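Trainee: Could you take a close look at one part of this model for me? I would like a connected account.

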Amino acid sequence: MHLAKADDYEGQERQRPSYWETADNKYRVASRAVDANPYDREGRRKGIRVRRGRGSRTQCIGWLPPGTAIVVEGGNGAWRKISSFEEGSMVADPDNAPAQDAPKGWIYIGELDIVTISHPAAIDMVHIPEVPVTLKAGDFVGYLGQYKRRRDAGPFCSSRPIVHLEVFTGDDLDAFIAKSRLRAAELPDSSLTMLLIEEGAQLAMPSEPDQTIAATEAVMVEGAAADVTWVQVRRGNVQILPRIGLGNYSGDATRVYGGRYHLLRIMDNAGKSIELEQFNALSSEAKTGYPNREVFLAGDERLWVERDVLGGRHVVSGHELKAWSRFPMQTSDTSGPRVSVPRVLTVVELGKPETEADGPRWWQVEVGTEKGSSASGWACEKGQAKVRLCSPWDWPGFDVTREGTPTKDMHEYSLDVNGEVQPDENFKATADQVDGSTLFRKLRNIMDLDGKDGVSRDELRAALRRPWLAQAISHLIVHYESEWGGEMSKWSALDPHMQGELAPDWVAEKQRIEKLRWWQHVAGKHDFPSDPNVFHIHPIALVTNFHGQVVSGCYCHRDMTEDEIREIVLAMRKSEGAVYDRVGDRLFTENNVSLPEADRTYARLTDELNAAFDAYGIDTCIRRLHFLAQAYWESDRFRTTKEYGSGHRYAPYDGRGLMQLTWRRAYEMYESQTGTSCVQTPDNISNSLHHSVDSAAWYWRQGKELSAGDRWSAPSSAPDYVRRHNPAYPKTTHSYVYDGESRRYGTVDLSLIADDDYVDVISWLVNGGSNGLAERRVYVRRLKEIMKYDQCANKKGS
């Protein structure tokens with residue numbers, strides 16, 4: 001990467017990178033600490049517990065008193081390993097020892113005060129941290145540095161910020177991908193979020209209609225006529241019959257008489273018709289004047305027609321229609337284009353599918369054919385040769401190859417195929433040899449547009465302008481020697497080609513290369529590959545493969561971003577104008593909140609929500625929006641972490657956290673299962689954003705105390721709005737200590753109920769009654785709109 005120099009940070013209010021190793025990873029136990037000393041119940045000082053592993057559910061191995069200063073490992077995670085104690089020491093647990101890979105334990109830095117970062121530990125040299133630095137998506141790495149290209153040289157050309165990013169790994173890649181693909185085969189269907197169209201796939205095209213529906217006949221749409229091209233209909237006819245002979249009426253929701261006659265309109269004896277809604281508004285006496293019914297009598301034959309010819313009507317008669325006896329596309333059809341390069345698309349970016357009656361989805365896709373031309377055809381998720389749904393962990397479309405061509409031969413190949421050979425030079429033999437390598441054979445198959453030997457610079461540029469070709473090129477994982485390593489002799493081999501006016505610049509360039517060769521300094525350190533011959537992965541292809549759904553708006557199986565959480569909260573508040581007018585975008589503003597100011601930010605809320613979602617399996621759009629709807633209500637629109645008022649019969653165990661943990665037994669359960677001190681100091685929940693969020697997610701997963709057993713269904717005492725869903729879900733059994741006694745209870749993971757979209761059932765289990773039920777229903781509907789749930793890759797029925 002080209003990052004800003006250390007000098008560029010001086011005198012500016014710029015964020016410092018987390019891997020600068022002077023004061024940057026140094027923290028102090030001070031104002032944000034909330035844990036009482038677990039080894040001195042009489043003590044009143046607030047410190048912080050040290051854990052054996054990453055997370056509050058691991059064993060406590062000690063306690064840091066106020067004033068202790070520590071240095072933690074690099075990275076931006078909320079849980080970090082302690083590297084050293086700078087001031088003070090840990091009160092060690094007499095029974096629990098630290099893990100071997102974290103001899104000083106793990107600490108939650110959200111409850112520590114950071115010591116201001118000042119400057120990096122080393123400048124203008126290769127510096128290797130004692131502890132590897134962990135970086136995750138969204139972490140701050142640094143500001144872009146300035147870069148000047150050769151063609152930009154000159155007195156009037158300024159530098160520009162640019163990033164150069166490489167992703168590479170050692171020789172364990174093949175084994176890792178193989179293991180990854182085995183794991184992908186074990187994942188549920190909800191993980192199949194990508195459509196792979198392999199090379200050689202023969203796509204389908206819609207067939208011509210093979211049926212005609214006469215104008216004397218009628219058709220009725222089966223189900224809802226959604227935003228699709230073709231809909232299934234039943235062929236039949238329209239009749240006007242006396243009501244008295246039609247049989248029992250199913251009700252206004254389905255409008256069927258005698259199980260076969262579909263009501264269209266209400267008729268009087270003169271043939272005048274009215275709609276059902278008009279009929280229902282009449283008096284009983286007036287209704288007797290309408291003894292007949294216009295009905296549709298469906299036959300057994302089901303056909304397909306184009307939706308547009310129906311004009312938005314449910315029943316159509318009086319018009320001749322063209323129709324298909326079966327779905328217009330079949331997986332056995334091969335009349336569409338033949339795919340010349342693999343194509344990988346996420347289900348979300350494919351957009352709205354066409355769906356057969358029994359469920360398989362079809363998408364119209366643009367693919368590459370021979371000689372770089374494009375064509376459109378139809379791909380099906382099931383049953384079509386060389387087309388299938390897969391998981392990102394299948395590494396779909398990626399192709400691993402090895403390349404060992406010397407740098408000198410590569411240069412001569414480039415001169416030959418780009419027409420830059422001098423009259424006295426001939427590199428044809430070398431070029432033919434390079435062109436025959438595995439890598440270049442694959443490149444030719446993908447993008448050789450002019451049919452000539454070799455892949456020229458112009459062909460590469462043209463290929464990168466075609467999405468399917470650019471994707472195929474980016475999916476090549478190539479094993480070759482990194483430019484940052486190896487011997488200088490490979491560059492000196494180019495000396496014969498750098499004579500004359502090129503010589504001075506080439507000497508300077510080799511000196512620059514020599515200075516930038518850093519591989520030997522890091523080889524073998526912290527498991528870094530010793531050999532500079534490594535696998536190079538296109539960074540955009542890698543990110544797109546595992547996080548390509550992010551751009552679509554789907555929130556499944558990924559971290560949410562700070563901007564997304566902010567937008568969700570703002571949109572929810574703006575839908576209730578009075579709330580937004582009062583607090584705007586500020587978090588946890590109520591007078592009863594004692595959170596540290598540092599905890600009242602969207603960055604912290606986002607970190608804690610992501611950690612909780614990961615820890616408690618709240619991992620899909622529908623699970624998250626249901627969780628957020630309940631948390632939004634229980635926390636009074638993210639304005640408080642503590643129940644309003646005082647003197648409750650369950651005091652001091654008032655509602656705290658985003659899900660309002662209430663009653664002493666719940667606090668005992670949470671402390672017993674997570675190690676969080678809250679029974680003696682219940683405000684530890686509401687005074688820490690981490691505990692406020694974690695306790696809510698814990699309750700969501702395993703905090704609702706029910707009777708022990710294997711399965712839960714709504715009891716007879718449950719209200720009708722719960723029992724009408726006939727909920728039935730598996731229980732898990734947990735234990736906790738209450739008044740010194742071990743107790744067992746059964747519970748239901750509310751995510752399972754969220755999967756079925758039962759907001760009423762969840763609300764009853766969270767609240768214990770109907771308090772706020774109407775609002776909770778509204779919040780779920782709004783969150784579906786805000787989070788664009790219709791675009792969710794794992795939405796039921798999609």
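**A buried glutamine and an aromatic cluster**

Mentor: With a relative accessible area of 17%, Q471 is buried (under 20%; exposed is over 50%, partly exposed in between; 1.4 Å probe, protein chains only). The model is predicted: local features need pLDDT of at least 70 and side-chain atom pairs 80 or more, while totals for chains, interfaces and linings use all residues. Residues are numbered from 1 along each chain as its sequence is written, and side-chain values use heavy atoms, without hydrogens and water.

Leaving aside residues up to four places away in sequence, Q471 touches P342, R343 and V344 (heavy atoms within 4.5 Å).

Now the aromatic residues. The whole structure holds 27 aromatic pairs (Phe, Tyr or six-membered Trp rings, centres within 6.5 Å; planes under 30 degrees apart are stacked, over 60 edge-to-face, the rest tilted). In one of them, the ring centres of W230 and F327 are 6.1 Å apart and the planes meet at 75°, so this pair is edge-to-face. W230 is in strand β16 (residues 230-242) and F327 is in the loop between β22 (321-323) and β23 (343-346), so the pair ties together parts 97 residues apart in sequence. W230 counts as buried at 7% relative accessibility, and F327 does at 4%.

F327 also pairs edge-to-face with W304, at 4.9 Å centre to centre and 80° between the planes. This second pair links distant parts of the chain, as W304 sits in strand β20 (residues 292-306), 23 residues from F327 in its loop. W304 is buried, like F327. One aromatic cluster takes in W230, W304, W324, F327, W362 and W378.

Definitions and conventions
Helix = DSSP H or I, 4+ residues; strand = E, 2+ residues; numbered from the N terminus.
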